[in-house]
Amino acid sequence: MQIGNTLIITDPKAELLRDCGYSLKKKGYTIKVLNLDEKKNSNHYNPFVYVKEVTFDEVLGISNNNQIQEDDVMTLINTLILNTKSETIQNTSGDPFWEKAEIIYLQSLFYYTIRHYDKRHQNFTTVLELVRLSNPDSSGVSALDKLFENWAKQEPEAIRC
């Protein structure tokens with residue numbers, strides 16, 4: 001996949017890096033690694049820096065309103081899902097419900113992160129903290145539910161079905 005001038009190659013088993021990394025580096029390529037299994041071997045790549053917000057100016061009649069580029073968010077989510085699928089776990093029902101639910105869940109977490117955190121905290125660590133807030137309490141309501149309820153009150157136009 002190419003984003004701007006950056007070429008992104010997925011290598012879930014680290015075979016390409018192991019077999020070709022040194023040669024590519026010798027040819028002048030810059031290699032950055034996102035390693036979710038062994039984080040100490042990761043360059044701490046943050047794909048959120050590539051998600052753009054478009055500012056509409058007053059000529060359009062909308063002032064101070066930033067719109068998140070949905071294509072950027074969806075590219076990030078689709079790449080993440082595509083490269084984290086388990087080879088041993090298969091969806092035998094053929095029903096895309098769970099994959100679509102996963103996409104919507106991630107999309108909501110990513111949008112919340114982008115809209116409510118400064119650039120320094122727009123990263124997977126924040127997304128994982130939000131995931132941890134998803135566990136419901138004894139009444140069936142999670143801390144994440146409460147965050148989203150407040151967001152809906154503050155920005156009713158931000159969340160649309």
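Let's start with Thr113, which sits in helix α3, residues 97-116; helices here are DSSP runs of H or I with at least four residues, strands are runs of E with at least two, and both are numbered from the N terminus. Is Thr113 buried or exposed? Thr113 counts as buried because its relative accessibility is 0%; buried means under 20% relative accessible area, exposed over 50%, and partly exposed in between, with a 1.4 Å probe and protein chains only. Leaving out residues up to four places away in sequence, Thr113 touches Phe48, His121, Gln122, Asn123, Thr126, Val127 and Leu130, where contact means heavy atoms within 4.5 Å.

A word on the source: this is a predicted model, where local features need pLDDT of at least 70, side-chain atom pairs count only at pLDDT 80 or more, and totals for chains, interfaces and linings use all residues. Residues are numbered from 1 along each chain as its sequence is written, and side-chain values use heavy atoms, without hydrogens and water.

Now please find helix α2. Which of its residues are buried? They are Val73, Met74, Leu76, Ile77 and Ile81. Looking down the axis of α2, these buried residues fall within an arc of 160 degrees, so they line one face of the helix; the arc is taken from the directions from the helix axis to the C-beta atoms. On the other side of α2, you'll see Asp71 and Leu82 exposed.

Finally, let's zoom out. The protein chain has five helices and four strands, running β-β-α-β-β-α-α-α-α from the N terminus. Of its 161 residues, 20% are buried.
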